[in-house]
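Subject: Structure handover

Hello,

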Amino acid sequence: MTGNGTTNESPEQPRSQSPAHKRDLTRRKVVVVGGAAVAAVGVGGGLAASAFADGAASPGAAKGTPSAGETCYTLTSETTEGPYYIDADKIRQDITEDEVGIPLALTLKVIDAETCKPLRNAAVDIWHCSALGIYSGYEAMSSGGGGGGAPTDAPSGTPTGTPTGEPPSGAPSGGTGGGHSEPTDDERYLRGTWKTDKRGYVTFKTVFPGWYQGRCVHIHVKVHVDGEWTDAGYEGGHTCHTGQLFFDEKSVLASATVEPYSTNTTTRTTLTEDTIYPQNGHEGGLLFIEYDKKRIAKGVRAHLTMGVAPDETHDSTDTQPSASASASASS
């Protein structure tokens with residue numbers, strides 16, 4: 001197994017004394033397809049299987065999770081939502097659908113940054129592009145970002161990491177600015193919402209994201225609180241965190257040797273070149289990664305603890321990266 005870095009622990013820091021801003025609650029309803037929530041299905045073989053051994057969302061054995069009495073965290077960095085968020089209409093842990101790629105088991109723990117107590121029953125949304133850089137719901141707009149079907153000729157060598165600047169018009173920005181875009185199709189792969197358990201954990205089954213022009217490899221995330229889980233899904237409440245999760249360069253380069261990632265001819269933006277990543281390690285959303293160096297195709301496990309301010313609202317599409325962030329759990 002390999003890790004993506006050492007622990008970055010930060011001392012407890014008090015939350016700002018300014019009054020927490022909490023917007024009027026707006027009705028936020030999630031439609032459960034088929035009328036029932038979809039439980040996670042175990043990954044067949046490989047590393048990702050262990051995170052779904054019991055179909056639970058709280059793999060206590062995961063490394064880097066905080067224990068009782070551990071130092072509290074400062075707030076996890078807020079980043080832009082990006083233009084391709086679709087209000088959670090898939091209540092499920094397994095968001096893979098039929099997408100091909102390296103199996104990824106993503107475990108997040110959500111805590112109150114002020115008290116360090118886990119937030120139970122919070123709704124966590126994640127969404128990301130496919131192995132070839134395509135966002136579901138926006139396939140027509142993703143064709144210029146390294147997706148739109150596998151290129152006929154594979155690139156020679158690994159991605160260069162040469163900066164590409166801003167994406168061209170119509171290509172996915174994934175958070176490089178601009179307002180929300182309306183979906184262009186009914187696809188919803190690699191998107192999903194699930195609730196945290198009593199210890200604040202939630203686990204998703206997906207695939208390792210690919211890349212597209214102008215952005216490093218990343219996953220979008222939102223945390224919603226103060227709503228109610230009903231037979232219809234999740235209603236009401238407000239968004240207390242909008243951020244992005246990032247992958248270290250080593251794991252991305254390893255994934256680039258596996259199909260279909262190896263067929264992506266789009267020039268890749270590295271983590272240090274990315275204009276959205278706050279460049280502050282795990283505090284800014286950098287995931288802890290585990291995989292077999294010789295068999296990354298078998299699966300990857302990723303995890304992070306996110307410190308949020310449950311009384312605040314952070315759902316703006318133009319939120320800029322912040323230097324203040326959360327120290328995530330140790331590896």
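L108 is in contact (heavy atoms within 4.5 Å) with V124, I126, G200, Y201, V202, V221, L245, L304 and M306, leaving aside its neighbours within four places in sequence. This is a predicted model, where local features need pLDDT of at least 70, side-chain atom pairs count only at pLDDT 80 or more, and totals for chains, interfaces and linings use all residues. Residues are numbered from 1 along each chain as its sequence is written, and side-chain values use heavy atoms, with hydrogens and water left out.

L108 belongs to the largest nonpolar core, which has 44 residues. A nonpolar core here is a set of buried Ala, Val, Leu, Ile, Met, Phe, Trp, Tyr and Cys residues joined through side-chain atoms within 4.5 Å. Buried means under 20% relative accessible area, exposed over 50%, partly exposed in between (1.4 Å probe, protein chains only). L108, V124, I126, L245 and F247 touch the most other members. Elements giving two or more residues to this core include β1 (103-112), β5 (218-230), β6 (233-246) and α2 (249-255). β8 gives the most, with five residues. Helices (H or I, at least four residues) and strands (E, at least two) are DSSP runs, numbered from the N terminus.

A second, separate core has eight residues, among them Y84, Y85, C129 and Y138.

**Sheet**

Four strands make an open, mixed sheet in the order β4-β1-β8-β7. Two strands pair if DSSP finds at least two bridges between them. β4 (201-207) and β7 (288-290) are the edges; each has a single partner strand, so one side of each lacks a neighbour in the sheet. The twist averages 20° from one strand to the next. For such angles, axes are lines fitted to C-alpha atoms, for helices over the stretch in contact, and angles run from 0 to 180 degrees between N-to-C directions.

β7 and β8 (residues 300-308) run antiparallel, joined by three bridges. E290 stands opposite R301 in β8.

**S130 and the cysteines**

Where does S130 sit? It lies in the loop between β2 (123-127) and α1 (139-142). S130 is buried, at a relative accessible area of 4%. Beyond its neighbours within four places in sequence, S130 is in contact with E99, L190, P209 and G210.

C129 is buried too, at 1% relative accessible area. C216 counts as buried, at 3%. The whole structure has zero disulfides (pairs of cysteine sulfur atoms within 2.5 Å).

Best regards
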